[in-house]
Protein chains: 2
Amino acid sequence: MRQWIAGAVGAACMVVTGMAAAQELLVEKKVFELPSFTTQSGRTLKNVKVGWESYGTLNADKSNAVLICHFFSGNSHAAGKYAAADAAPGYWDAIIGPGKAIDTNTYFVLSSDTLVNLNTGDPKTTTTGPASINPDTGKPYALDFPVVTVRDFIEVQKALVESLGIRKLALVAGPSMGSLQTYEWAATYPEMVAKAMPVIGVAEADAMLIAWLDVWAAPILVDPNWNNGDYYGRTPPNAGLAKALTAVTLQANHAEWANGTFGRRPAKEGEEPGKALANRFQVQSILDSAGEARAKVSDANHFLYLIKANQLFAAGGTSLKDGLAKIKAPVLLITQPKDLVFTADAVARTAEGLKQAGGNLTQVFIQGTRGHLDGVISMKQAEGAIREFLEK
Amino acid sequence: MRQWIAGAVGAACMVVTGMAAAQELLVEKKVFELPSFTTQSGRTLKNVKVGWESYGTLNADKSNAVLICHFFSGNSHAAGKYAAADAAPGYWDAIIGPGKAIDTNTYFVLSSDTLVNLNTGDPKTTTTGPASINPDTGKPYALDFPVVTVRDFIEVQKALVESLGIRKLALVAGPSMGSLQTYEWAATYPEMVAKAMPVIGVAEADAMLIAWLDVWAAPILVDPNWNNGDYYGRTPPNAGLAKALTAVTLQANHAEWANGTFGRRPAKEGEEPGKALANRFQVQSILDSAGEARAKVSDANHFLYLIKANQLFAAGGTSLKDGLAKIKAPVLLITQPKDLVFTADAVARTAEGLKQAGGNLTQVFIQGTRGHLDGVISMKQAEGAIREFLEK
């Protein structure tokens, strides 16, 4: 997916103002460590580490902090570049930076890698999960790692935020799985969240989403190299992981993109798909290549634990209705009606529930040909709404 | 999927009239054999066999024949029962039978198993595909079987129809992959098709559908028992095939069904999904069980060849526009707006193309909570439209 994002975010960068471009964000990755962390499932883990980064400056009364939560296959690189020569900035750079909708001249924006983050092979990601060494055994946890939840993700973020002396967040926001974390924050710690901006997501995983997530995970479970999660030091199940990431990439997109970009062109000139079982259409080879590239820097067990966390998600820990009733923050809900992961119907249930619970809801719909992914790459459309929401 | 179909079709059966019930169809499976068949890809196969069945009586001038084409995971059992004690009749029994919309007191209705039919383990299915013995080698073809297309499927049907002395079909109809065959018939042999009734389908596989079909196939390709298609006489890749069939079952359904039927109930009382990685929600276990049950009577290579045939599909063999321009028959197009396989947008492109080509099109939309599957199990809704279309 990264290559699609890179292209589209790159294009978005061209339209920033000259002044903003002159103030281009240069960011560094930091690591936050908790000597001890107890999961919601009751297991205590030692030396939990997550990567994080920040943009802008925390003010004296520590009232200007914004927390950005990342999507399923993302990490904490929400904005800026590590070096001017980087091919692309962080995924929401179109709305985070000096003079941008979430203005780093005003706000101190921070973002952290979640537990069980997918990108274990990326040197700019730090996470704790099945691929991490268990200090008690000296070996990777593998499936001995406890089940973790979106609530666990935000508990680690809360510890990070509190370590900086921040008592209240001016805004919590994020796309996709980042929106799940946003809802969880607003429902679980309403006194700590001044405003919430969930993007392309809902406040509870429904049965259909639970089932789709299983479709994503299926190729890993069938891959013989997965070996019930015990593959560290051996050949990892990258064939299965690549197919899993291909499914993610497809569902995060939309037919308008697939049909408009690829049509029925063969993958290779002269190798007509009808001539041999192995001959493919371009859409097949491009998606498979994207999945294979992603698999090389990802971990299959982390993928499965992320799937589980998303399947278990219900904001506030009980039910959609109860969770939404706990939210006190004004909510700016930004979604894409063509989203195939968090569908318009599912989003409407969350929005309706929030209204029925008396919540302060503003809804914005973004457009595009990418479906779900427009919530990552087409956010510039919402900049006016975001500015207005933050100024209120 | 069969169990969902069985339940729903069973329910539909209850509402047939007493008279129709008294005339319940009893059918027998027959086998049609071609000593030699040359595929579109240019390979000549010996002893091609397919199963078929028929309902009603062919009239003297052989002008009352209706051909029903089956869906991806189906076979030629479109209506009636083999024995009164059968748990369920054929899949379109709600609209095919004495006094029903496609009235077997008037029409001679026939249906045949396609090449590379999925249900190789079902004694009531006869097909020729990778699992068949190659008469030249005495061994299963496996991946030496040639690529076959929807055009090949209808060429076998045409040979069957002509063997009965039928020169023109009063109607060609079918759901899902059956609608692809219907479009192919109408575009390729317009002089042989008086009327066409494609249900829940389109006249060309677009890039998005091609990509989704790859998601379905992925778990088979990763299963070590698939062994590049060489598994006959050994353990078959049923783990991968089961996951593939689970994906088919899910996408052939809809969120309203999944959420309404399962909600967030655990698969087993007392085994909360959050307590262990292996604990599941009911929707997960039911879908997996359905996939596993289907895998036991299905063949993984046949699944892959069916995927390929669907990906290659363009009615008439060239492009959507050209294919639709070849169709002369009036078309009754029946679809479900919530269909996740052949989406409303894709259906609209086919319908628009047909209108632009000057085609005679009547569109009917059916409703329900099952999405795609409503085109199999909820067809009674369309009986008035079908009667009217046939009487015109």
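**A friendly note on the two-chain model**

1. In chain A, strand E3 (residues 65–68) and E9(A) run parallel and are joined by three bridges. Please keep in mind while reading that this is a predicted model.

2. Strand E6 (residues 108–112) of chain A runs parallel to E3(A), with four bridges between them. Here Ile68(A) faces Ser111(A) of E6(A). As for the side chains of E3(A), Ala65(A) and Leu67(A) point one way, Val66(A) and Ile68(A) point the other way, and all are buried.

3. Now look along strand E9 (residues 171–175) of chain A. How many of its residues are buried? Five of its five are, and the strand is mostly covered. The cover is found on both faces of E9(A): Leu171(A), Ala173(A) and Pro175(A) are buried on one side, and Val172(A) and Gly174(A) on the other.

4. E9(A) also pairs with strand E10 (residues 196–199) of chain A, in the parallel sense and over four bridges. Val172(A) has Ala196(A) as its bridge partner in E10(A). If you follow the chain from E9(A) through helix H4 (residues 177–188) of chain A to E10(A), you trace a right-handed β-α-β unit.

5. The largest nonpolar core has 187 residues, and Trp185(A), Phe303(A) and Phe303(B) have the most contacts inside it. What does Phe303(A) touch, leaving aside its neighbours within four places in sequence? Its contacts include Phe72(A), Leu118(A), Trp216(A), Ile220(A), Leu241(A) and Val248(A). The general background is that in soluble globular proteins, nonpolar side chains tend to be buried together.

6. With a relative accessible area of 11%, Ala142(A) is buried. Ile200(A) has a positive phi of about 45° and belongs to the loop between E10 and H5 of chain A. Its relative accessibility is 0%, so Ile200(A) counts as buried.

7. Turning to the place where the chains meet, 51 residues from chain A and 51 residues from chain B take part in the contact. The area buried between chain A and chain B is about 4,100 Å², and carbon and sulfur atoms give 71% of this. On the chain A side, Met208(A), Arg264(A) and Leu277(A) lose the most area to chain B, together 18% of what that side buries.

8. How many salt bridges are there between chain A and chain B? The count is two. In one of them, Glu204(B) is paired with Arg264(A), with 3.9 Å between the closest N and O atoms. Arg264(B) and Glu204(A) also form a salt bridge, at 3.9 Å from N to O. Arg264(B) lies in the loop between helix H7 (255–262) and helix H8 (282–295) of chain B, while Glu204(A) lies in the loop between E10 and helix H5 (207–222) of chain A, so this pair joins two chains. Arg264(B) has 24% relative accessibility and therefore counts as partly exposed.

9. Over all chains, the structure holds 32 salt bridges. One of them links Asp288(A) with Lys243(A), whose closest N and O atoms are 3.3 Å apart. This pair connects distant parts of the chain: Asp288(A) is in helix H8 (residues 282–295) of chain A and Lys243(A) in helix H6 (residues 238–251) of chain A, 45 residues apart. Is Asp288(A) buried or exposed? Asp288(A) counts as buried because its relative accessibility is 7%, where the cut-off for buried is under 20%.

10. Finally, chain B has a salt bridge between the side chains of Lys29(B) and Glu53(B), at 2.9 Å from N to O. Lys29(B) is in the loop between helix H2 (18–22) and strand E1 (30–38) of chain B and Glu53(B) is in strand E2 (residues 44–55) of chain B, so the pair ties together parts that are 24 residues apart in sequence. Both Lys29(B) and Glu53(B) are buried. In chain A, Lys29(A), Glu53(A) and Asp113(A) are joined into one network by salt bridges that share partners.

Conventions. Residues numbered from 1 in each chain as written. Chains lettered and ligands numbered in written order. Predicted model: local features only at pLDDT ≥ 70, side-chain atom pairs only at ≥ 80, totals over all residues. Heavy atoms only, no water. Buried < 20%, exposed > 50% of the residue type's maximum accessible area, 1.4 Å probe, protein only. Pairing = 2+ DSSP bridges. Right-handed = clockwise from strand over helix to strand, strands pointing away. Core = buried A, V, L, I, M, F, W, Y, C linked by side-chain atoms within 4.5 Å. Contact = heavy atoms within 4.5 Å. Buried area = accessible area lost by both parts, 1.4 Å probe. Salt bridge = Lys/Arg side-chain N within 4 Å of Asp/Glu carboxyl O.
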